[in-house]
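The following briefing is intended for a reader who is meeting this structure for the first time.

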Amino acid sequence: MNGSEMIVHCLTELGVEVIFGYPGGAVLPIYDALFKQNKIRHILVRHEQGALHAAEGYARSTGRVGVALVTSGPGATNSVTGLADALMDSIPLVCMTGQVPTHMIGNDAFQEADTVGITRPCTKHNYLVKSVEDLPRLVHEAFYVASAGRPGPVVIDLPKDVVMAEGNYCAGAYADMSEHRSYRPRTEPDEGAVDAAIDLIAKAERPIFYSGGGIINSGPSASKALTGFVRETGYPITNTLMGLGAYPASDPQFLGMLGMHGTYEANMAMAECDVMIALGARFDDRVTGRLSDFSKGSKKIQVDIDPSSINKNVPVDVSIVGDVGKVLEIMAAKWKKPRGGKSEALKSWWRQIDDWRARDCLSYRQEGDIIKPQYALQRLYELTKDLDVYFTTEVGQHQMWAAQFLKFEEPNRWMTSGGLGTMGYGFPAAMGVQVAHPDALVIDVAGEASLMMNIQELSTMMQHRLPVKTFILNNEYMGMVRQWQELFHGGRYSESYMDSLPDFVKLAESFGANGLKVSKPEEVDDAIRTMIETPGPFIADIMIEKLENVYPMIPGGAAHYEMKLGPDHGELEEKAEDGMVLV
């Protein structure tokens, strides 16, 4: 069989059910092989960036490897943003890129690009396949590398002569990659380190669990182990943006999201704790704020499968390299509930946390005829919380409001771009989620600016009958850009106003989809119900307060204790001499 047929056989062996892609000359042999089979579904996107984000949505919502197929040159370069996004957020992807024939590499041939060189900084690993005999092994290896250890994207660059060459294929020869010659990530923790962590946790008087996306990447059992262990300790817990859903939001021990736009109680608990237990979290700058003032009085424990993430940003006292789910199971087995004076200290800690909670940092006032974005999202949550629903988001103010007001009881229900902050992510990511969960309700919470970046994928949704719902919080601004210009650049709104926006309802109808536009608070509930009940893709254009800012907020480079709660909490805004708004 030829190389293209080998690829299809490998993908079938690996359990791949769907590929997101866009054809071109260098990959036509692979598309020909796909045409001749019916086990793998192909989703034809309208832009290669959409293919990568759709594969991310598929992967994030299932825990499986997402797969994309693009052609050489611009097909590969258009994929770079999706690859970088997946690398930052630890999403397992395999992207197969076409390449000019091997004898033409380096000759500036038509649609040639140095894909390996271009993607090296934004992939976990990449391959240039030079022989058809190597092809089956490298495909299997790519899937292993993408999913083992800390997940990430892998590129397989495929010269056209290699995918057309004849070779021998031995089914099952590479089914087990666990004994890979060089990449064997450590999953079992050092018992001594676990014992040291347990001892520190047991002695804590002001503890906090700080969990991130690594919990979700470890699988559903990790979230269950986390929930069980945290409840057993009676300690408070907070999630990062990428970790939402790893711990049930309705649990009274949950303090909400932490970080730049996290809750007051979560951030203050991080600042004032005496023992911090970081689980599958990497001390991102949006979480730590000013490093020199980050939780200076605490002992820190960090559990991560990626040894390069430990002590990278914040020095820790106990480090544990291993799969966080397995570590939590071992911790739970070793845990013995402290008695006596320790319980009194914990009660005092909870009283302090309750005082911070009493600030009600997410409260807002819905008054008058203008829709507050917080109100729109609160109503969206209330009307969908009992449904089988998955949420994606674009990037900006709406993303932060969604993280604050949508509550997740289980993992893999929340897909957002955290590390790279990629505008245009949510709409195609929702396609991937919908493909993976055809009977579920999939909603992309969008801003009008982000949505415009990949709006062409509405055509993909119509072609493949993907009933994705899009909930736009439309303030006619690049909202987060405008907020920062207001707070830090003296209100000089340079190029942040979105002029000449389309009529999103008519735009949806032009693709054959449906939509509606609302501008009054009393219309929001009916709009949400109509969006949910209308078959097929749907765009709900919710016109919101144009100048609303996201609060709470820790200004960039500030410390947790410098968090601003905003004018809705009785704090007045005043202009500083340098133009920065103090709240």
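Phenylalanine 283 is placed in the loop between β10 (275-279) and α13 (285-288); helices (H or I, at least four residues) and strands (E, at least two) are DSSP runs, numbered from the N terminus. The model is a predicted one, in which local features need pLDDT of at least 70 and side-chain atom pairs count only at pLDDT 80 or more, whereas totals for chains, interfaces and linings use all residues. Residues are numbered from 1 along each chain as its sequence is written, and side-chain values use heavy atoms, with hydrogens and water left out.

**Backbone features in loops**

- Phenylalanine 283 has a phi near 55°, which is a positive value in a residue other than glycine.
- With a relative accessible area of 2%, phenylalanine 283 is buried; buried means under 20% relative accessible area, exposed over 50%, and partly exposed in between (1.4 Å probe, protein chains only).
- Glutamate 476, likewise not a glycine, has a positive phi of about 60°, and its place is the loop between β16 and α21.
- A cis peptide bond leads from tyrosine 551 to proline 552, with omega near -5°.
- Proline 552 belongs to the loop between β18 and β19 (574-575).

- Strand β15 (residues 441-447) runs parallel to β16 and is joined to it by 5 bridges; two strands pair if DSSP finds at least two bridges between them.
- Glycine 447 has leucine 473 of β16 as its bridge partner.
- Strand β18 (residues 538-543) also pairs with β16 in the parallel sense, over 6 bridges.
- The bridge partner of lysine 469 in β18 is phenylalanine 538.

**Lysine 469**

- Lysine 469 is a residue of strand β16.
- Although buried, lysine 469 has no salt bridge, and the nearest side chain of opposite charge, glutamate 533, is 10 Å away.
- A salt bridge is a side-chain nitrogen of Lys or Arg within 4 Å of a carboxyl oxygen of Asp or Glu; for charge, Lys and Arg count as positive and Asp and Glu as negative, while His and the chain ends are not counted.
- A polar atom of the lysine 469 side chain lies 2.6 Å from the backbone oxygen of glycine 536.
- Apart from neighbours within four places in sequence, lysine 469 has contacts (heavy atoms within 4.5 Å) that include Leu441, Asp444, Met531, Pro535, Gly536 and Phe538.

- Strand β6 (residues 153-159) is mostly covered, with 7 of its 7 residues buried.
- Pro153, Val155, Asp157 and Pro159 point one way from β6, and Val154, Ile156 and Leu158 point the other way; all are buried.
- Strand β4 (residues 93-99) pairs with β6 in the parallel sense over 7 bridges, and valine 155 in β6 is the bridge partner of cysteine 95.
- Strand β5 (residues 125-128) is paired with β6 in the parallel sense over 4 bridges, and leucine 128 stands opposite aspartate 157 in β6.

**Cysteines**

- A search of the whole structure finds 0 disulfides, a disulfide being a pair of cysteine sulfur atoms within 2.5 Å.
- Cysteine 10 is in no disulfide, and the nearest cysteine sulfur, that of cysteine 170, is 11 Å away.
- Cysteine 10 is buried, at a relative accessible area of 1%.
- Cysteine 361 is in no disulfide either; the nearest cysteine sulfur belongs to cysteine 273 and is 18 Å away.
- Cysteine 361 counts as buried, at 4% relative accessibility.

**Aspartate 503**

- Aspartate 503 is located in the loop between α21 (479-488) and α22 (504-510).
- At 38% relative accessibility, aspartate 503 counts as partly exposed.
- The side chain of aspartate 503 reaches the backbone nitrogen of lysine 506 at 3.1 Å.
- Aspartate 503 and leucine 516 are 13 residues apart along the chain, and their C-alpha atoms are separated by 9.8 Å.

Terms used
A polar contact is a pair of N or O atoms within 3.5 Å; within protein, one must be able to donate a hydrogen and the other to accept it, and residues adjacent in sequence count only if both atoms are side-chain atoms.
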